[in-house]
Amino acid sequence: MGSPRANLTLAHSADRPSRDPQPPVAIIDIGSNSVRLVAYDGLSRAPTPLYNEKVLCGLGRNVLTTGRLNEDAVNRALTALGRFRVLCETMRVGRVFVLATAAARDAENGPDFLRAAEAACGQEIQLLSGRREAELSAMGVISGFHAPNGVVGDMGGGSLELVDVRGTVVGQGVTMPLGGLALQDLSGGSIKKAAKIVREHMRKAEPQLETLRGRTFYAVGGTWRALARLHQAARGYPVHVMHGYAVEPTDEMSFLQIVEETDVAMLQDVDAISEARRPLLAYGAVVLEEIIRVGRPREIAISASGVREGLLFEQLDRDSRLIDPLLASAAEFNALRARSPRHGEELVAWTDRFVATLDGPETADERRLRHAGCLLSDVGWRAHPDYRDEQSIAAIQNAAFVGVDHPGRAYLALSVSLRHSGLAPEKANPILRSIAGPRLFERARLLGALLRVAFPISAGMDGALSRAPLLVEEGRVTLRIPQDWAALASDRLLNRVRGLGRVVGLDGRIEIGGTAG
């Protein structure tokens with residue numbers, strides 16, 4: 001995958017020749033439950049959604065029993081596609097991809113619908129096979145997670161796809177008629193019958209589920225995201241970003257059984273779920289419960305990246321695919337929000353040098369998180385000084401980053417927050433501290449301490465840090481300042497160097513032109 005520094009250079013480099021902005025790219029996804037338009041700001045390693053709209057048409061409702069797409073659902077879908085065509089023209093989208101999945105694939109009047117749909121949206125439609133859908137779902141997870149290792153499960157309205165993924169390698173997938181609408185149809189609305197149907201079909205997925213033990217199950221699809229939202233509400237979880245939200249199987253099993261046995265209207269925060277989605281929650285719970293029971297994963301991670309993101313990822317060249325998506329997103333934030341984007345990159349090299357002199361290892365994942373934190377270190381500078389820590393937390397905690405889990409997200413928010421608020425543990429946001437865990441919290445304090453030393457030297461501008469190296473030598477944290485910068489060695493800066501020293505258990509000093517102070 002290449003070194004984090006190499007990935008960073010690819011993600012953002014001030015030395016790279018500038019290029020004209022890319023036109024937006026859009027994907028229209030004609031699914032069994034919803035028809036959705038997502039427009040992105042361009043084709044990149046971490047594209048940012050410009051516009052996202054879905055219409056719950058229910059194309060897949062009763063297809064398995066009647067063999068046909070419902071006329072009302074078809075009319076709703078065609079109306080939505082006409083609207084999406086106008087929106088794409090308004091946004092000046094350069095390229096539109098249109099995908100259709102299980103409902104159009106399985107219905108006998110599917111070909112007629114696709115012809116009408118192409119006329120409505122003005123684009124050629126790609127009808128995905130089950131295997132192709134599984135492949136794109138896996139590529140979506142690859143695009144959205146750092147070095148994924150597990151099984152991807154994409155549950156739509158009409159089908160469920162399971163496929164093994166290891167890093168950038170996609171295994172063979174399997175597709176089954178276990179989408180929410182399909183199960184509702186086949187079971188006649190009986191959850192007990194649906195559970196039996198799921199158990200029978202899951203035998204087909206044994207090759208995928210046998211590899212899942214002790215690894216991650218990546219849950220893709222709107223029904224599972226809705227379940228995750230309700231799970232967050234039930235446990236009072238404060239970070240409402242879905243992507244990267246992970247739970248332990250035993251915790252999840254208990255919650256899923258509650259969903260299956262309880263009137264959905266009684267579930268906490270159910271108002272956040274669309275009424276059309278609510279009847280499908282129990283079927284999503286039944287499928288996920290069986291996957292956990294048979295596969296015994298280490299954790300279940302929610303993925304907001306699926307078929308659409310997989311298709312965009314597939315369009316990238318090899319070098320672009322190898323870019324770390326977190327560093328790509330952080331670099332974009334740095335370019336848009338920092339006083340000097342080059343300063344963020346210099347912070348990466350400056351902190352690299354210091355960490356290399358510390359005793360104790362820094363893992364590869366901690367290193368990439370630190371690099372991202374350097375790039376995000378100045379996102380709150382436009383806020384009033386009294387609120388820069390809060391603004392930084394709000395910006396980072398809720399950003400649409402991929403390639404980072406929730407503990408990593410908490411680390412990033414804490415690092416930049418502590419730069420502004422100070423290093424005392426009691427000043428740290430207690431919720432984020434809990435999510436990060438002890439190890440990442442201490443790493444966040446370390447980066448926060450480094451940033452508190454860097455900014456009084458550089459004022460957030462590039463070109464300064466290379467003249468003021470910071471390292472551990474002779475058992476002390478030493479900041480070296482050239483003689484012509486001696487005026488920078490204020491009590492404030494010395495206190496910050498000593499504060500950094502306390503974080504790593506050492507004394508701190510400033511050395512001016514060869515003289516320690």
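Helix H5 (residues 110-121) lies across strand E1 (25-30), strand E4 (95-100) and strand E5, and runs at about 150 degrees to E5. Helices (H or I, at least four residues) and strands (E, at least two) are DSSP runs, numbered from the N terminus. Axes are lines fitted to C-alpha atoms, for helices over the stretch in contact, and angles run from 0 to 180 degrees between N-to-C directions; contact means heavy atoms within 4.5 Å. The model is predicted: local features need pLDDT of at least 70 and side-chain atom pairs count only at pLDDT 80 or more, while totals for chains, interfaces and linings use all residues. Residues are numbered from 1 along each chain as its sequence is written, and side-chain values use heavy atoms, with hydrogens and water left out.

E1, E4 and E5 belong to an open sheet of 5 strands in the order E3-E2-E1-E4-E5, with mixed pairing. Strand E3 (49-56) and strand E5 (125-127) are at the edges with a single partner strand each, so one side of each has no neighbour in the sheet. On average, neighbouring strands of this sheet are turned by 15 degrees against each other, direction ignored. Two strands pair if DSSP finds at least two bridges between them. Strand E2 (residues 34-40) pairs with E3 in the antiparallel sense over 7 bridges, and Arg36 stands opposite Lys54 in E3.

## The six-stranded sheet

Another open sheet has 6 strands in the order E8-E7-E6-E9-E11-E10, and its pairing is mixed. Its edges are strand E8 (169-176) and strand E10 (246-247); each has a single partner strand, so one side of each is left without a neighbour in the sheet.

Strand E9 (residues 216-220) pairs with strand E11 (residues 299-303) in the parallel sense over 5 bridges. Val220 stands opposite Ser303 in E11.

## His343 in helix H16

His343 is in helix H16 (residues 341-356). With a relative accessibility of 2%, His343 counts as buried (under 20% relative accessible area; exposed is over 50%, partly exposed in between; 1.4 Å probe, protein chains only).

Leaving aside neighbours within four places in sequence, His343 is in contact with Phe455, Ser458, Gly460, Met461, Asp462 and Leu465.

## Cysteines

A disulfide is a covalent bond between the sulfur atoms of two cysteines. Taken as a pair of cysteine sulfur atoms within 2.5 Å, the count is 0 disulfides. The sulfur of Cys57 is 13 Å from the closest cysteine sulfur, in Cys121, which is too far for a bond.

Cys57 is buried, with a relative accessible area of 2%. Cys374 also counts as buried, at 0% relative accessibility.
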